[in-house]
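Please look through the sequence and the model shown here, and keep both in view while reading the report that follows.

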Amino acid sequence: MAKTKRADQVRSLYNLANTWTRKQWEFINQKGYDFAHDEQLSQDERDMLDSQGMPTFTINRILPVVEMLNFYATANNPRWQAIGVEGSDSDVASVFGNLADYVWNLSDGSTLYSNAINDAICKSVGYILLTVDPDQDNGMGEVVLKQPEPFDIYIDPKSRDMLLRDAAFIVIRKVLPKNHLIKLFPDHKRKINAASSDEQRQYSWSERSMGDNTQELFAYNDNADDAQAIKPDGEQDSMVEFFEVYEKLKVPHMNVFYRIPPSQEQLEQMKQQVQVKMQEMQKEMEVQLLEQQQQMEAAVQSGEMLPERYELEMQKAQEMMAQQLQAAEQEYMSELQNATSKIENKVVSEKEFNILISDEEFAANVVGQMRFHANRIKQTCIVGDKLLYEEILPETITDYPVVPFHYKWTGTPFPMSAVSPLIGKQRELNKSHQIMVHNASLGSSLRWMHEEGSIDMDYWEKYSSSPGALLPVRPGATPPTAVPPAPLSNAFFTIVQEGKTDMEYLAGIYSSMQGDTQQQHETFRGMLALDEYGTRRIKQWMQHSIEPALRQLGRLVMQFSQAVYTANKRFRIIQPSAIQEQRETEINIPLYNDMGEAIGKSMDFQSAKFDVTIVAGSTLPVNRWAYLEELKQLMHLGVVDDIAVLAETDLRNKEGIAKRKSMYAQMQGQLGQQEETIKDQAGTIETLERQLVQAGIKGKVLQGAVELEKNKQDVRGSRQSALLETEAQQKLLRNVMKNEADVASERMDMAVQSAGNNVKKD
C-alpha cells in the first residue's frame, strides 16, 4: 500500500511539473530543433505549395549557426582544478584533475558534452546526468556520465536557480518497454512484470503542439500508436512509464567537538612525570618549612612567641603543605591530560548523535555541539504503479546529479534557445526564395489565355513550351494570348540580403567566422582582430552559462568520486598527443605498520576537502596560426623550446620527430662536449708548445749568458793574472830595492861603526 502511495506521489509531482507552460515551451523548442535540422515545412504547407505549383525546397541558414556555436563550445575538453582547503589536502587535490579526466574519458564525455551543447542551442537546454555503474571495475563501481533527453526532464516550476539548486524535485520520465527495463534492473524483474501504468492514455505530439499539425520527423513520441516494442521471442512488448525522481531533503545533523582521552600507557607515563615533579616540589616545601620552623623557634626562645602558638603554626604549615601538594598534583595531571588529549570534529546525523550522547563516557568528553540541516538527495524509481527502490544518496552528494547547460536563462525552468529568434527570418528567406523561383518558373513557361475550343489543349500543354514548336489554332478562332508573370519588386532581393545579414547579427555567427573570404580582412592582424571581436558574444555565453554548468559538473564529479572511490585505486590517462606522457595516479594508498596491520591511508581522497574550479576558456578553440606565431616568438626569446612548438603542430609522426630531435640533441650535446674537450686539449698543446719554445729561448739565452760570463771570467782572469804578475814583479823589485837599501844601510852603519872604532882607537 505504501508503494502504491509513493507511486501516486511521484505522479503528482509529474503532473505538477507538466504544466501548460511546460508543454508550450517543449513545442516551441521542438520546432526550433526541427528547423535546425532542415524540417521547416509542415505537411499542410507542403500540400498547399504543391497545389499552387510553387517549390517546396528550403535554404537552411540555421544549421551552420548551430554547427559553429557547437564548435566554439566544444573545441576542447574542459579542464578542472582543485584547491585544497588545508595544507594536508593539497596533494590529494592535485590528483583531482586526473580523476576528472579519467571519468570524462571513461564515459566518452566529449560526445555527451557535444550533444548537450547541441540541445542547449536547439532546445534551449541540455543535460548531463551523473550516476554510478555498480557493475564496472568488477563490482567496485565507476562514476559515469550520461546525456538524457531534455524533454524527458520535468523541473519544479518554482525553481529560480540557473543550475536548479533550489528546485524541490527533478523528475525524469520515460516510456520504455518492460523487457528493456528488466535489462536495466534485473534484480526487480518481478516488480516490472507486475507493473501497470495508471495513465493508459498517452497524449500525442499533436496535443503537445497545441493542435498544430506539425512535422514529427525528429520528435520523441511516446504515444501508444508510435511507441511499440517487440520481445526477443517476437511477441509485442507492453510499454510502461518509468519515473526517476530526485528530491532534496533537509536532514538534521550535529557538528560535534569531542575530546579523545589519553591511553593507559600515556596515563602511566604522565603519573611518573607528576611523581617526579611532586618529589621536587615536596623537597622544596620541606626546606621552606624547616626555615619557617627555625624562625619560629628563635622567636619562642626570645620570648616573642608562645610555645602553644609555635605548635599551632607548625601544624597549620604542615596541613597547608599537604593541601598544596595535593592541588599541585591534580593541576599537573590535568595539564598533562589536556596536552595529550586530542579535540576531534565530526559531523553526524542527529539520530546518530542521540545514540552516541547516551553513552556517559562519550558525553563527558563532548566539548561542543552545533545543530544544522544538511542537504541530502533522495532518489526514487517508479515503474508504472510499482516502487522499484528508494534510497538517499551518500552524504558527500549534496547537489542534484542533473547539470543543465542553458543557452539563454530566463529566470525560470524554461530557457530560450539560439534557434528560436531565427525561425521567423528563416521562414522569411524560404518564402522569398519560393516566390522568386516560382516567378522565374512562370517566366520560362508562360501561361496562355484562349477561347474555349480554339486550340487542342492536350497538344498545347505538351508542346507550348518547346523551342520551335508549331502550335495549331482552329480556323476562325482567336489565337491564344500569353499571360506573362507580374514583375517582382526589387524589395524581394533586398529582403533576402537583409534577411541573411539579420540572421548573422541575431546569431552572432558571421560569414567571416565560417571562412568566407569575401568578408575577411586582408591582413593577418586584421583577421585576428575580427576573430577577437566577432567571438565576444560567444565568450559571454560561455562565461555566464556554460562554464558555471561545467563548474557544477566538476563539483558533482568530486562528490560522486568521494562516495565511490573509497578503496585503493590506480587509474591511467592516455594523452591525445603522442608527445605527452601518460598520466598515472593512485589514491587511497594503504599504510601498514611493522606488524603488517593497516593503520591509515595515504592520498585519502574520501576525507579530503577542496574547492573545484573550471579553467576559464578551456573549451574554446584556439587560433592555431596565431598560437603558433606566439610560440615561435616565445621560442626565439628562449621561453619555450622547439619541442613545445612541435607538440602544437599537425605534423605526422610527431613522436618520431621528437625522439629524433631528442637523439640529435643528445648527440649534439655529446659533440659539443667533445669539441670543448678538443678545444681544451688544443689549447693545452698550444700552451705547452709556447712554453717549450719559450723554454728553448730561455735555454739558449742562458747558454749565451753562461758563455758570455765565461768569457768575462776568462778575460777577467787573464787581467787578474797580468795584474798579479805585475804586482809580483813590482813586489819583487821593491823587495830587491829594499834589500839593496838594507844592505847599503848596513854597509854604511858598518862603515860608520868601523870609523868610530878607529877614532876610539886613536
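## The nonpolar core

A nonpolar core is a set of buried Ala, Val, Leu, Ile, Met, Phe, Trp, Tyr and Cys residues joined through side-chain atoms within 4.5 Å, where buried means under 20% relative accessible area, with a 1.4 Å probe and protein chains only. The largest such core has 85 residues, of which F96, F405, W541 and F610 touch the most other members. Helix α19 gives the most to this core, with twelve residues. Apart from it lies another core, of 13 residues, including M285, L289, M314 and M333.

## How the model was read

This is a predicted model, in which local features need pLDDT of at least 70, side-chain atom pairs count only at pLDDT 80 or more, and totals for chains, interfaces and linings use all residues. Residues are numbered from 1 along each chain as its sequence is written, and side-chain values use heavy atoms, with hydrogens and water left out.

## Confidence

The predictor's confidence in each residue, from 0 to 100, is called pLDDT, and its mean over the chain is 78. Confidence is lowest in helix α10 (residues 205-208), at a mean of 40, and highest in strand β12 (residues 402-406), at 95; helices (H or I, at least four residues) and strands (E, at least two) are DSSP runs, numbered from the N terminus. Over residues 199-215 pLDDT stays under 50. Where pLDDT is low, the predicted coordinates should not be read in detail.

## The sheet

Three strands form an open sheet in the order β3-β2-β12, with antiparallel pairing, and two strands pair if DSSP finds at least two bridges between them. Strands β3 (142-146) and β12 are the edges, each pairing on one side only.

Conventions:
Contact means heavy atoms within 4.5 Å. Buried means under 20% relative accessible area, exposed over 50%, partly exposed in between (1.4 Å probe, protein chains only).
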